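Here is a short tour for anyone meeting this structure for the first time. Have a look at it, then read on.

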Amino acid sequence: MIERLTQRMEFFSDVLQLRAHRQQVIASNIANADTPGYAARDFDFKAAIRDAARNPSELRAGAVPLLAGSDARHLRTVSSAGGVAERTRVAYTVQTQPSLDGNSVDMDQQRANFMDNAIQYESTLRFINGHVRTMLSAIQGQ
């Protein structure tokens with residue numbers, strides 16, 4: 001029973017890390033909006049979630065043999081070897097508004113993606129918070 005509850009929390013932990021990684025990718029696109037020849041990047045979030053559901057993350061506390069770092073006790077982060085950033089395939093986005101300098105960043109689209117991802121990140125946090133409150137109240141018998 002406890003395992004089912006923790007599996008759910010682990011999945012939403014992966015979703016939260018994927019959202020954070022996507023926010024970094026979108027922020028990088030926005031930061032390079034004026035860089036000549038820069039190609040905007042993104043990744044298929046739905047495919048990344050499906051992969052996270054099928055292949056549970058190595059970021060688990062019990063996965064000590066799979067951890068990377070200079071010490072066996074170090075945990076992986078979003079950008080460390082084997083982390084979320086390494087497991088997602090970041091690809092170039094299709095250019096919707098051609099520019100003379102070869103930059104493919106559409107600022108309106110990137111801002112919309114950034115805000116949508118930020119809202120989804122916040123809603124995932126709220127869902128996790130509500131799930132934890134529900135588990136605590138069940139444990140306390142309230």
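## Starting with Glu122

Let's begin with Glu122, which is partly exposed at a relative accessible area of 36%. On this scale, buried is under 20% relative accessible area, exposed is over 50%, and partly exposed is in between (1.4 Å probe, protein chains only). Glu122 has a partner: its side chain meets that of Arg126 in a salt bridge, 3.1 Å from N to O. A salt bridge here is a side-chain nitrogen of Lys or Arg within 4 Å of a carboxyl oxygen of Asp or Glu. Arg126 is exposed, with a relative accessible area of 61%.

Both residues sit in helix H4, four residues apart, or about one turn of the helix. An α-helix has 3.6 residues a turn, so residues three or four places apart point the same way.

## Before going further

This is a predicted model, in which local features need pLDDT of at least 70 and side-chain atom pairs count only at pLDDT 80 or more, while totals for chains, interfaces and linings use all residues. Residues are numbered from 1 along each chain as its sequence is written, and side-chain values use heavy atoms, with hydrogens and water left out.

## The overall layout

How many helices and strands does the protein chain have? There are four helices and two strands, and along the sequence they follow the pattern α-β-α-α-β-α. Helices (H or I, at least four residues) and strands (E, at least two) are DSSP runs, numbered from the N terminus.

Of the 142 residues in the protein chain, 30% are buried. Take the contacts (heavy atoms within 4.5 Å) between residues at least 6 apart in sequence: 74% of them join residues at least 24 apart. The chain exposes about 9300 Å², with carbon and sulfur atoms supplying 56% of that. Such areas come from the Shrake-Rupley method with a 1.4 Å probe; for residues, only the protein chains shown count as cover.

## The other salt bridges

The structure holds three salt bridges. One of them joins the side chains of Arg22 and Asp42, at 2.9 Å from N to O. This pair links distant parts of the chain, with Arg22 in helix H1 and Asp42 in strand S1 (residues 41–42), 20 residues apart. Both Arg22 and Asp42 are buried.

Back in helix H4, Asp108 and Arg111 lie three residues apart, about one turn of the helix. Their side chains also meet in a salt bridge, at 3.5 Å from N to O. Asp108 is exposed, with a relative accessible area of 54%, whereas Arg111 is partly exposed at 47%.

## Helix H2 and its two sides

Which residues of helix H2 (residues 45–54) are buried? They are Phe45, Ala48 and Ala52. Looking down the axis of H2, these buried residues fall within an arc of 60°, so they line one face of the helix. That arc is taken from the directions from the helix axis to the C-beta atoms.

The buried residues of H2 pack against helix H1 (2–31). On the other side of H2, Lys46 and Arg54 are exposed. At the start of H2, a side-chain oxygen of Asp44 comes to within 3.4 Å of the backbone nitrogen of Lys46.

## A nonpolar patch

Finally, look for Val132, Leu136 and Ile139, which make a nonpolar surface patch of about 270 Å². Patches are made of residues with over 30% relative accessible area and no salt bridge, with like charges joined within 9 Å and nonpolar side chains (Val, Leu, Ile, Met, Phe, Trp, Tyr) within 5 Å. Ile139 belongs to helix H4 (residues 107–140), and is exposed with a relative accessible area of 68%.

Conventions
A polar contact is a pair of N or O atoms within 3.5 Å; within protein, one must be able to donate a hydrogen and the other to accept it, and residues adjacent in sequence count only if both atoms are side-chain atoms.
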